[in-house]
Amino acid sequence: MEILCTRPSCGSRNHFADLDDANTLKTTQQKFCTQCGMPLILGGRYLPTQLLGQGGFGAAFLACDRYTTSLRNCVVKQFQPAGNLSAQQLEIAQGLFEREAAVLEDLGREHRQIPDSFAFFPLVIPDRQGNKDEQFFYLVQEFIDGQDLEHELAAKGNYSEAEMLEVLREILNVLSFVHGRGVIHRDIKPSNIMRTTKGRLYLLDFGAVKQVTAGSAGSGHSTGIYSMGFAPPEQMQGSQVYPSTDLYALGATCLVLVTGKASDQLFDTYNNCWTWREHAPQVGDRTAAILEKMLRPTPKDRFQSADDVLLLLNHTPAARSSPTPAPPPPPVAPASQSTVTQAPPAPAPNLAQPGPPPAPIPPTPAPSRRSTPKFGLVEILASSAFTGFEGALLLMISISLVNGITPISIGLWGMSMGGLIYAQSRRALEKWDFAILGGITVALVRVVPWFHRSAALQAVLTTLSLSGVLGYVFLAVLAGAVVVLVTALFRLIYQILSSML
């Protein structure tokens, strides 16, 4: 097995044949770099195998956790600033790194689009000359298997309006959660948004986060660390930052995605404005107006929260009864900065009106990653069909296990159905998962010999003039159709009652 040395001045690869044995890998105390003597097994358990990236404040490595059965991949970030930093600059940089660990530990376990934090620890070792000690800090976090949007843009070309809006909505939902916890990210850009191989978007790199602590003077001021081309004026000037600071950076990110141009090519420094429309003719006027309000230079003139933008994005104008254009909705004040909860539909915010003066938001409870997702009509009916189909097969299997309808068989069926419905409600089952699970259940019906000895089920099949596995599948399909019919009927009744009340 090869282990990469994480000392910045070394970086050599070390091969240890004995670590190819699983028992030795888990029990060996430590391994040291054959070139510089640096400890290689970080924190006693993480083995760096590949350099992922390197910057002014350290490096990131792909590593495996030897104390997991699957040797789980993770990302190990090393803090070790390069250059001659002053004591104050070093203290600020170290504070940012420690804050990233604290924020990820606090937020990553509660939101499924923020990486989890696994560990944070220091390492003090002698330098290569043995004259003084060197101190390193390591942050271990969840490995996101995918591609960041910067590389995705280079590979696929400009985003369509629909593709850009998907990114905008997803990251706005993450920011609604983050801002609700009193945190401002301050470094949103394409390279800090990752799309997994399954299509989920993650917001990465919380190293520049800013905690907004209510009542602490100066707590919202910038430390001067930002990404040029995405940071708004108040952040570059070192002034106070707000939730709208993140919205500006997200707006600039969206412009880069739909135009394929670098941000500095889209900003007219002479006139102090963004000039991007000619590079993105595919973007409609309504979407363009939303982006332009996100990118206004003064914080109070932007949207004041991620929920304000989501409210406008999700607002559907009323259908027109004639070719005559309908009058625009009356202007309303932007939504508050707290997280939007379920409420009656409200008119969309007016893009032309500036919001109230921004203020640092106090930490407030936010919806966790376990909040119930919303489903469309097609998703509801498809889920109902699968639930009926799978439920019928599971009932047959439960009855066959005890050869009859008994409290035990009903209990087994109830537990399996409860788990199935819960998994669907959390979207743990998606796309091909339904076909795979259904195929496994049908295969179970086919291959398990005791299944066909159930007298009760054989009696049902005989009554319906059916036989064999195809008979069971027919019953399951019939059950799925019945569940879809019942679901559609109840939804229609609900809509009728809602309109009357």
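Which residue in E5 stands opposite glycine 58? Phenylalanine 79 in E5 holds that position.

## About the model

The model is predicted, so that local features need pLDDT of at least 70 and side-chain atom pairs count only at pLDDT 80 or more, while totals for chains, interfaces and linings use all residues. Residues are numbered from 1 along each chain as its sequence is written, and side-chain values use heavy atoms, with hydrogens and water left out.

## The sheet

An open sheet is formed by five strands in the order E3-E4-E5-E7-E6, with antiparallel pairing; strands (E, at least two residues) and helices (H or I, at least four) are DSSP runs numbered from the N terminus, and two strands pair if DSSP finds at least two bridges between them. Because strand E3 (46-55) and strand E6 (117-126) stand at the edges with a single partner strand each, one side of each is left without a neighbour in the sheet.

Within this sheet, strand E4 (residues 58-65) and strand E5 (residues 73-79) run antiparallel and are joined by seven bridges.

The axes of helix H4 (residues 161-180) and helix H8 (residues 285-294) come within 12 Å and cross at roughly 40 degrees, where axes are lines fitted to C-alpha atoms over the stretch in contact and angles run from 0 to 180 degrees between N-to-C directions. H4 and H8 are therefore oblique to each other, a word for angles that are not roughly parallel (under 35 degrees), roughly antiparallel (over 145) or roughly perpendicular (65 to 115).

In contact, meaning heavy atoms within 4.5 Å, Glu161, Met164, Leu165 and Leu168 in H4 meet Thr287, Leu291 and Met294 in H8.
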